[in-house]
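My entries follow in the order in which I looked.

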Amino acid sequence: MLELDRVTAGYDRGVPVVADLSLAVGEGEAVGLLGPSGCGKSTLARVAALLHRPWAGTVRLAGEPVTGFRFRAPRAERTRVGVVFQQPRLAADPRLTLGDLIAEPARATGRGAELADRAARLADDIGLTPALLGRRPHEVSDGQLQRACLARALLLRPGLLICDEMTAMLDASTTAALAAVVEEYRREHGAALLAVGHDRVLLRRWCDRVLDFPTGR
Amino acid sequence: MNQPAAPPTAVEAGPWHAPRRVRRSTRAARVAFSAALVALAALAVLLVPPLFPLDQQAVDLTAKLEPPSGAHPFGTDEVGRDVLLRSVYGLRVSLVVGLVAALAASGIGLLVGCAAGAVGGRFDRLVMRLVDTFTAVPHLLMGIFIVAMFRPGVWPVIASVGLTHWVSTARIVRAEVLSLRSRPFVDAAISGGASRLRVAVRHLVPAVLPQAGLAAVLMVPHAIWHESALSYLGLGIPAHEASLGTMINGARGSLVTGEWWPTLFPGLLIVVPTLAIAGLAGAWRERINPRRRSELVL
């Protein structure tokens with residue numbers, strides 16, 4: 001599903017954050033990537049989500065090399081990868097209601113009306129009441145907001161879900177609830193998962209395979 | 001060898017700060033006072049013209065240059081026109097020009113700043129060099145150049161101020177957009193399939209709107225001053241029509257012979273409402289960005 005081939009990535013000038021890293025996530029496979037904070041996990045997740053152009057190396061999605069990142073990635077390719085970020089407060093536009101937040105990918109791809117039912121069902125499955133959907137991010141808890149972010153990431157039925165420390169800010173019961181939703185989604189649609197995190201026990205439970213992030217950069 | 005630092009003798013005397021409660025109450029009073037002045041000006045320009053129509057051409061040479069009195073609280077000018085009534089009409093022109101020009105300038109600035117910040121790269125550099133070019137030419141000079149191309153009137157003045165004052169808003173908006181562009185919520189939108197345009201319109205513009213609105217309000221006094229300056233120079237509003245600038249220009253001759261009222265009162269009507277608007281804008285800025293003390297930007 002996803003292949004990173006000798007990827008080196010970083011931000012303007014200076015040392016690369018991720019150096020010469022290769023990684024493959026098979027069709028329907030769940031891979032965990034374990035590393036301490038600051039080791040480049042999030043940068044790698046952004047490269048894998050086609051949100052950050054690597055300095056060198058190739059990213060392949062379903063065998064095809066990706067040629068563009070951010071806006072240059074074709075919309076169809078971008079929406080084949082769903083991303084959930086670490087901090088829902090930063091990943092949610094503070095001016096949108098939770099309902100709009102979840103439905104945005106459908107509207108952005110011109111399928112707002114078509115997918116309205118799916119968005120409502122997804123919100124219900126994930127434990128968001130209709131009352132919560134009318135609220136804005138500052139009126140809900142981190143856990144509720146992260147639920148909305150996960151629903152949003154699943155709306156377009158991506159073949160690969162990338163979770164960048166998805167549960168780092170959450171309590172145990174919310175963590176379990178979100179894990180169950182991801183599990184259910186993967187079983188239903190055969191989707192692959194790339195989970196990035198620092199909690200070995202958690203990743204072991206979620207993933208078929210847990211890799212240690214190479215720290216010798 | 002270095003001299004040892006003098007031991008601290010007493011608590012260092014910093015600038016005096018009023019206790020927080022006093023400061024807050026004076027600020028509230030200042031805002032209320034400014035708001036009252038702006039409301040008074042708005043009421044005057046809305047209510048006076050329908051109640052007291054003004055014949056812009058009428059003169060009464062038997063009553064010229066009468067000092068302030070019960071019949072003419074602001075006196076009369078060099079051709080016997082009532083200074084109070086003409087001042088209110090002049091204020092109306094100034095406020096309309098100020099508001100429309102400031103909105104136009106901020107609108108252009110918002111558009112240019114957002115485009116530059118959101119597209120980035122070579123386009124951004126090109127646009128910012130254009131902004132530098134506009135900044136390098138004095139506003140008033142370029143404004144004069146623009147009004148000179150048209151017949152005198154309100155619209156050329158608005159165009160002149162609007163087309164020269166968008167650069168500061170463009171800079172503010174671009175800087176804001178550049179910092180927003182790398183936020184995770186923009187990443188999330190891109191990942192959700194949003195186009196460049198959608199990200200700009202749905203996520204970036206709403207986020208910078210308060211800043212742009214503040215820039216617009218801060219611009220209103222400046223625009224009023226430009227209108228008065230252009231009219232004073234005889235390039236803005238036609239000379240026979242009441243505007244604060246044309247009135248002061250017409251009354252220049254009488255000032256040297258001791259008749260101060262046709263100059264002073266229109267002058268006060270330029271200064272007082274603009275300071276009141278600037279005071280309100282300053283209070284708004286303190287709310288958006290509490291750490292920066294308000295200052296008058298003109």
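**Helix packing in chain B**

I began with α2(B) and helix α6 (residues 166–181) of chain B, whose axes lie 7 Å apart and which pack at an angle of about 35°. I keep in mind throughout that this is a predicted model. The crossing in which α2(B) passes α6(B) is right-handed. I then listed the residues that make this contact: on α2(B) they include Ala105(B), Ile108(B), Gly109(B), Gly113(B) and Gly117(B), and on α6(B) they include Trp166(B), Arg171(B), Arg174(B) and Arg181(B). Sorted by class, the residues of the contact of α2(B) with α6(B) come to 14 nonpolar, six polar and three charged.

From α2(B) the contact takes Val93(B), Val97(B), Val100(B), Ala101(B), Ala104(B), Ala105(B) and Ile108(B), while α5(B) brings Val154(B), Val157(B), Ile158(B), Val161(B) and Gly162(B). The class count for the contact of α2(B) with α5(B) is eleven nonpolar, one polar and no charged residues.

**Record against model**

I then turned to the UniProt record, an unreviewed entry, which lists "transmembrane region" for several stretches of chain B, among them residues 31–52, 93–119 and 154–173. What does the chain do over residues 93–119 of chain B? I found 100% helix and 0% strand there, with the end C-alpha atoms 38 Å apart.

In chain A I traced an open sheet of four strands, with antiparallel pairing and the order β2-β1-β4-β5. The edges are held by β2 (18–25) and β5 (64–65) of chain A, each of which has a single partner strand, so one side of each is left without a neighbour in the sheet. Strand β1 (residues 2–9) of chain A runs antiparallel to strand β4 (residues 56–61) of chain A, and five bridges join them. Two of the bridge partners in β4(A) that I looked up are Thr58(A), which faces Asp5(A) as its partner, and Val59(A), which is the partner of Leu4(A).

β4(A) also pairs with β5(A), in the antiparallel sense and over two bridges, and in β5(A) the bridge partner of Leu61(A) is Glu64(A). These two strands, β4(A) and β5(A), form a hairpin with two residues between them, and I noted that Ala62(A) in the turn has a positive phi of about 50°.

**Where chains A and B meet**

Last, I looked up the contact between the chains, which takes 23 residues from chain A and 15 residues from chain B. On the side of chain A that touches chain B, at least two residues each are supplied by α2 (75–78), β6 (81–84), α3 (88–91) and α4 (98–108) of chain A. Which element gives the most to that side of chain A? I found α4(A), with three residues. By class, the side of chain A that touches chain B has twelve nonpolar, three polar and eight charged residues.

Note on methods:
Residues numbered from 1 in each chain as written. Chains lettered and ligands numbered in written order. Predicted model: local features only at pLDDT ≥ 70, side-chain atom pairs only at ≥ 80, totals over all residues. Contact = placed C-beta atoms within 7 Å. Nonpolar A, V, L, I, M, F, W, Y, C, P; charged D, E, K, R; others polar. Pairing = 2+ DSSP bridges. UniProt positions renumbered as here; feature names shortened; annotations may be inferred. Axes fitted to C-alpha atoms, helices over the stretch in contact; angles between N-to-C directions. Left-handed = near helix turned anticlockwise from the far one by under 90°.
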